[in-house]
Amino acid sequence: MSQNPPNLRPDLAPQPVFNANPRSDQPTIGMVSLGCPKALVDSERILTRLRAEGYQISADYAGADAVVVNTCGFLDSAKAESLEAIGEALQENGKVIVTGCLGAEPDYITGVHPKVLAVTGPHQYEQVLDAVHGAVPPAPDPFVDLLPASGVKLTPRHFSYLKISEGCNHACKFCIIPDMRGKLASRPAHAVLREAEKLVQAGVKELLVISQDTSAYGLDRRYSTHDWKGEEIRSHITDLSRELGRLAPADDLWVRLHYVYPYPHVRDLIPLMADTSNAVLPYLDIPFQHAHPATLKRMARPAASAKVLDEIKAWRDICPDITLRSTFIVGYPGETEEEFQYLLDWMDEAQLDRVGCFQYENVAGARSNALPDHVPAELKQERWDRFMEKAQAISEAKLEAKVGTIQQVIVDDIDEDGIATCRTKADAPEIDGNLFIDEGTEGLSVGDLVTVEVDEAGEYDLWGGLTKA
Ligand code: SF4
């Protein structure tokens with residue numbers, strides 16, 4: 001499951017950044033982007049197109065001529081939140097176009113909100129544009145509607161999500177993504193690289209590669225080859241990562257891979273991560289979800305039988321600095337105390353750097369709902385507490401070991417007191433920890449890549465000082 005982490009849920013998704021100062025005659029579209037980073041990329045693309053056609057984008061329903069709501073439908077709580085956002089937009093504005101994951105279930109939306117102008121599914125950019133044109137005709141002005149090459153971005157300017165494929169060929173029992181987003185559909189490698197190159201040219205310092213199943217990238221295209229700067233490259237995660245890592249010098253760009261499954265060919269990515277001349281970070285976000293073979297089987301997880309601990313050891317042998325992040329589900333139907341204890345013991349061995357954990361929750365339409373022996377809520381909570389205690393202790397020890405080391409960090413924010421919030425290579429935005437620099441930050445800017453010496457560690461975060469040049 002790619003996008004379960006709670007901090008990727010709608011309430012915690014990165015907030016859009018909008019451009020102010022509309023022309024007086026410029027049609028204005030409000031945009032509400034709910035959901036995970038993948039949905040955010042969809043919103044960015046829609047905005048890019050709308051801006052190119054002369055629309056002004058607003059974060060406010062009231063001043064807009066119409067509102068696009070990009071919905072999330074992954075969990076029941078997210079669906080409810082999406083319906084609420086649509087209702088609010090209808091009340092405040094009246095002209096509402098719905099898109100995104102929940103748009104795959106138009107009757108569900110129109111049953112509650114019959115007055116929406118149009119409902120389109122995920123990545124149906126053209127239909128969204130058609131609906132916007134129908135509601136508010138464009139008024140282009142070629143002199144002022146020039147877009148930056150990278151388009152309009154909803155994330156901070158110095159990092160950007162890069163979606164390489166849609167959908168998923170698996171059928172994990174707790175997940176309805178394949179029903180909502182369809183089978184795996186990969187973008188050709190040269191198209192992804194061209195988009196990434198534009199982002200880097202526009203100042204992006206960190207590319208976050210996302211998809212439902214990053215290691216399966218290109219399988220649907222049979223790893224078709226494409227010309228990229230005079231070289232034949234395959235639409236395969238190894239080729240794509242290598243070329244992304246060459247878009248800029250490694251001390252000027254970070255490329256971070258998310259949602260990678262431990263397929264055997266992932267081992268081919270590790271030498272790239274160990275190669276300090278390539279910008280691919282030594283970081284793997286792998287949603288393991290559980291460790292016990294019987295639980296994984298009941299989940300119908302891909303690569304359930306892989307000898308994951310052996311793989312982890314092999315990765316660390318090649319790249320000792322690799323950071324491993326994962327997510328887990330506790331209290332899955334039928335999970336016994338023995339299975340759960342196995343997971344805890346596995347965690348002791350795996351020593352993952354960063355871990356997220358969720359208590360199992362039924363999702364409408366998921367096959368796991370019908371499994372026997374659902375775990376009572378109190379027991380789920382108890383297991384979650386035990387799991388997090390273990391994960392926290394591991395994380396704390398790993399961070400403590402970083403005290404005294406020199407780390408390259410990226411600056412995400414500098415507050416009015418001059419405290420810089422940064423991240424090391426081991427920290428993805430929104431989901432991992434931070435490194436704070438408390439003083440000497442004059443002259444630093446958001447997006448800078450600088451080196452620090454770590455001088456203090458907490459449970460999840462680090463503190464450090466800039467090294468002298
Ligand atoms: S079916 Fe499985 S692999 Fe595919 S998106 Fe869902 S959880 Fe991830």
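**Exercise 1. Determine whether the end-to-end distance of helix α12 agrees with its number of residues.**

Solution. Helices (H or I, at least four residues) and strands (E, at least two) are DSSP runs, numbered from the N terminus. Helix α12 covers residues 377–400, which is 24 residues. The expected span of a helix is 1.5 Å times one less than its number of residues, so α12 should span 34 Å. The end C-alpha atoms of α12 are 34 Å apart, which agrees.

This is a predicted model, in which local features need pLDDT of at least 70 and side-chain atom pairs count only at pLDDT 80 or more, whereas totals for chains, interfaces and linings use all residues. Residues are numbered from 1 along each chain as its sequence is written.

**Exercise 2. Identify the buried residues of α12 and what covers them.**

Solution. A residue is buried if 20 or more other C-beta atoms lie within 10 Å of its own, exposed if 12 or fewer, and partly exposed in between; C-beta atoms are placed from the backbone. In α12, the buried residues are Lys 380, Arg 383, Phe 387, Ala 391, Ser 395 and Leu 399. An α-helix has 3.6 residues a turn, so residues three or four places apart point the same way. The cover over the buried residues of α12 includes the strands β14 (323–330), β15 (354–359), β19 (449–457) and β20 (462–466), together with helix α11 (337–350).

**Exercise 3. Locate the residues that UniProt lists under "binding site".**

Solution. The unreviewed UniProt entry lists Cys 36, Cys 72 and Cys 101. They are spread over 66 residues of sequence, yet they cluster in space, with a largest C-alpha distance of 10.3 Å. UniProt positions are given in the numbering used here, feature names are shortened, and annotations may be inferred rather than shown by experiment.

Next, consider two of these residues in turn. Cys 36 lies in the loop between β1 (28–33) and α1 (37–52); it counts as buried because it has 23 C-beta neighbours inside 10 Å. Cys 72 occupies the loop between β3 (66–71) and α2 (76–92), and its 26 C-beta neighbours inside 10 Å make Cys 72 buried as well.

**Exercise 4. Describe the barrel that contains β20.**

Solution. Two strands pair if DSSP finds at least two bridges between them. The closed barrel has 5 strands in the order β16-β17-β18-β20-β19, with mixed pairing. Leu 435 has Leu 462 in β20 as its bridge partner.

Terms used: Contact = placed C-beta atoms within 7 Å.
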